[in-house]
Amino acid sequence: MSDTPKELKYALTHEWTLDEGDGVVSVGITDYAQESLGDVVYIELPEVGDKISAADEAGAVESVKAASDIFAPVSGEVIAINEDLEDAPETINDSPYGDGWFFKLKMSDPSELKHLLSADEYIESVEEE
Amino acid sequence: MNSRSCLYTAHEKMGAKFVDFSGWDMPLHYGSQIKEHHCVRRDCGMFDVSHMTVVDIDGSDVRAYLRYLLANDVAKIIEPGQGLYSAMLNDRGGVVDDLIVYALPRGFRLVLNCATGDKDLAWMNEYAQGFQVTLQQRDDLAIIAVQGPQAIARARTVVGQSIGEKISALKTFNSVFAQADDSWQYARTGYTGEDGLEIILPSSEAEAFWWQLHDAGVSPAGLAARDTLRLEAGLNLYGHEMDESISPLQANMAWTITWADSKRDFVGRSAVLAARDAGPQDKLVGVLLTQRGVLRDGQAVYIEGCEQLGVITSGSFSPTLGYSIALARVPVQAGEWAEVAMRKKRETVRLIEPGFVRHGQPIFAPYVEQP
């Protein structure tokens, strides 16, 4: 089974969310997602300043094999994007929970975090797929 | 339960991620298909292609039978070991399968696609009526492809001097047998656009040989890399560039049909002749997309001033070029530029002769700005 850190929250659409404090979360895709996609070759990120609602499209990731949209796990404003991914999309495969993060959101409604899945719940959802 | 190659355990030990390929659990990659792709282009890699169907044919009518069954003409084969690429056609001139036929010390050997193996055997048995031939499927054989600029040098460190010299002297599509019989066949063929060998050997000896190659510095590569390599080389894949409804003339395979002997009848002959006389409606081309995005099978290709749409038959990302490439069937009047309906918008693409990379280098004219 792929790596699924306990300290993160997850969306059914395979994004992870890390609560960084002060109402800020960072977002990326899970180890399971990167493994299913295989080698990532292109990445589309939102722009800093974009206001996104939970479950809205916030970017895309394209591998040799398939393309997949990235959805915002919670609502908020984009305050940072990981520009390094543009030139080194393979970072998503090498380090999905570390250097492979996608963007940071300043949450407009931190209570939305409660709706996300725990690591165990996410693992269960993946096993049902 | 899926079939497993005799190398399954070796793949597991090497960290393979498996994929269901027509009922076979075969290695998709061993970590990164892009790294495996580069390894084959720059050095050398090995593929397990034991899922492919091998059929040996013998009997007093074997030549007459194959001259009728195949669109290419085995009369071109003079001595054991020589091989030919050929289509096997149906009555309508569509492609039942594409294959390589070799002369064995006794009889002939066909190497066919895995996905079409059962259909092919039924087809071949049906057409064997009236010929003195016996067909034998060789489930006891494995196939290992060693491909890349260093393939011959690396393989030679494993196979011994005598056979090594014969391998180095082999011309493309020729093969040599290491034993007096037909076990251990080394063929100078491949599906990557690089130099290399396809080695057909007894399954019982395949795993030891695989590890010997590994110890000689040959890295394993999966079917995912095999697909991007063949696409860069502009090589057809059955079920994509051709199938039973596609004439070889529509798939850049006219060169594989031998008309030299006007008295030779072969299955599909009259249909292909009629199609040739009617002239082409469409053509198979290479597609370059230098912008972001990856071309995918089935996407529509729009040609300016042309109502008829084209279609991407195989689309992927080219690790060597660093952008997406594809093969597409487009109306015959298509010029150098077209548009493809991508995921979210139409993108401009350039159309070229099929074939992108050979021996590690791009083989098409450099990209110029669209006028």
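## Basis and confidence

Residues are numbered from 1 along each chain as its sequence is written, and chains are lettered from A and ligands numbered from 1 in the order in which they are written. Because the model is predicted, local features need pLDDT of at least 70 and side-chain atom pairs count only at pLDDT 80 or more, while totals for chains, interfaces and linings use all residues.

The model has an ipTM of 0.91 and a pTM of 0.96.

## Overall form of chain B

Chain B holds nine helices and 22 strands; helices (H or I, at least four residues) and strands (E, at least two) are DSSP runs, numbered from the N terminus. Its C-alpha atoms fill a box of roughly 60 × 50 × 40 Å along the principal axes. The radius of gyration of chain B is 21 Å, in agreement with the value near 21 Å for a compact globule of 371 residues. This radius is taken over C-alpha atoms, and the globule rule is 2.2 Å times the number of residues to the power 0.38.

Of the 371 residues of chain B, 45% are buried. A residue is buried if 20 or more other C-beta atoms lie within 10 Å of its own, exposed if 12 or fewer, and partly exposed in between, with C-beta atoms placed from the backbone. Among contacts in chain B between residues at least 6 apart in sequence, 67% join residues at least 24 apart; two residues are in contact if their C-beta atoms, placed from the backbone, lie within 7 Å.

## Domains of chain B

Chain B is divided into domain 1 (3-47 + 139-232) and domain 2 (281-371), with bounds from an automatic or database domain assignment. Their centres, taken over C-alpha atoms, are separated by 30 Å. In the contact between them, 12 residues of domain 1 of chain B meet 13 residues of domain 2 of chain B. On the domain 1 side, helix H2 (33-42) and helix H8 (223-232) of chain B are the elements that give two or more residues, and H2(B) gives the most, with five. By class, this side has three nonpolar, four polar and five charged residues. Ala, Val, Leu, Ile, Met, Phe, Trp, Tyr, Cys and Pro count as nonpolar, Asp, Glu, Lys and Arg as charged, and the others, Gly among them, as polar.

## Strand pairing

Six strands of chain B form an open sheet of mixed pairing in the order S11-S12-S13-S10-S4-S14. Its edge strands, S11 (175-177) and S14 (219-220) of chain B, each pair on one side only. Two strands pair if DSSP finds at least two bridges between them. Strand S4 (residues 45-48) of chain B runs parallel to S14(B) over two bridges, with Gly45(B) partnered by Ser219(B).

Strand S15 (residues 282-289) of chain B has six of its eight residues buried. S15(B) pairs antiparallel with strand S18 (residues 323-331) of chain B over eight bridges, where Leu289(B) is partnered by Ser324(B). Three bridges join S15(B), again antiparallel, to strand S20 (residues 346-352) of chain B, where Val287(B) is partnered by Leu351(B).

## Leu112(B)

Leu112(B), in strand S8 (residues 108-112) of chain B, is buried because 24 other C-beta atoms lie within 10 Å. Beyond its neighbours within four places in sequence, its contacts include Met52(B), Leu99(B) and Asp120(B). Val55(B) is 57 residues from Leu112(B) in sequence but 7.9 Å away in space, C-alpha to C-alpha.

## Contact between chains

Seven residues from chain A and 12 residues from chain B make up the contact. The chain A side comprises four nonpolar, one polar and two charged residues.
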